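This report covers selected local features of one protein model.

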Amino acid sequence: DESGRAAMTTVTGNVTARYRDFVVTAERGQVNYQTNLAVFEGNVCFRIGIQEARGDRIEINIRTFEWSFTPATTTIKPEFTRGYIRAPIFANARKISGIRDRQVSGFGTEVTTCDLPNEHYDITAESVVVYPDDKVVFRDASLIALGKRLFTLRRFAIPIRQITRNPNVLPRVGNSAEEGYFIKYAYPIIANRSQMGYALVDLMQRKGVGIGIQDFYRVPRGQGS
């Protein structure tokens, strides 16, 4: 610019860029110091802390630490949620964005915890937001099991602090001699300081549908379920 400071930096070929706790590798990149916007394209791998995402193009605001990836895949590791989830969450999305490592949002997403080549189930959602030490919020989400759409919900939230207490808040899919193929899910229906309640739904190939209610509560002198 007129003061002699660099206005823009452009790099190509096996690019590796580090800024604070961001690390980006790509085929090419450009940093505009006037808009505080860094753009990287081509086989992009983006790491912030322990979290990693891959895609075609990423934009990073080097002042606010907001970032946006299109399109992208990411694996949300148990460490990202302070160990509240025990298995990684695999996500493909039309767009993934975040604010440092405090929040990750996906738009046009497919999410699963199944790591098989042909997943037993997927959750497709218009959007999903992960708050690392609090909850996962889905909007316009459908549960698809073994290639069949089971139901669609406008909005539902998974309180990840409760996963260690009730692992079925993430859909559990499996197969047993007694039940055949099954999906077991606990849908949060009430959450406040003294109570956490779930509607339980089991869909079993051989036994049909099982439903129930589970409630965890606190009282002044104790707790129970």
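## A loop glutamate

Glu179 lies in the loop between strand 11 (172-176) and strand 12 (180-191); strands are DSSP runs of E with at least two residues, numbered from the N terminus. The model is predicted, local features need pLDDT of at least 70, side-chain atom pairs count only at pLDDT 80 or more, and totals for chains, interfaces and linings use all residues. Residues are numbered from 1 along each chain as its sequence is written, and side-chain values use heavy atoms, with hydrogens and water left out.

Is Glu179 buried or exposed? Glu179 counts as buried because its relative accessibility is 13% (buried is under 20% relative accessible area, exposed over 50%, partly exposed in between, with a 1.4 Å probe and protein chains only). Its side chain makes a polar contact of 3.2 Å with that of Lys184 (a pair of N or O atoms within 3.5 Å; within protein, one must be able to donate a hydrogen and the other to accept it, and residues adjacent in sequence count only if both atoms are side-chain atoms). Beyond neighbours within four places in sequence, Glu179 is in contact with Lys184, Met204, Gln205, Arg206 and Lys207 (heavy atoms within 4.5 Å).

## Confidence

The protein chain has an average pLDDT of 80, and 82% of the residues score at least 70; pLDDT is the predictor's confidence in each residue, from 0 to 100.

Strand 1 (residues 8-19) and strand 2 (residues 22-32) run antiparallel and are joined by 10 bridges; pairing requires at least two DSSP bridges between two strands. Ala17 has Val24 as its bridge partner in strand 2. Two residues separate the strands of this hairpin, and Arg20 in the turn has a positive phi of about 50°.

Strand 2 is also antiparallel to strand 3 (residues 37-48), through nine bridges. Asn32 stands opposite Leu37. This hairpin has four residues between the strands, and Asn36 takes a positive phi near 60°.

## Aromatic contacts

The structure holds five aromatic pairs (ring centres of Phe, Tyr or Trp, the last by its six-membered ring, within 6.5 Å; planes under 30 degrees apart are stacked, over 60 edge-to-face, the rest tilted). Phe46 and Trp67 form a tilted pair, because their planes are at 50°, with centres 4.9 Å apart. Phe46 is in strand 3 and Trp67 in strand 5 (residues 66-76), 21 residues apart. Both are buried.
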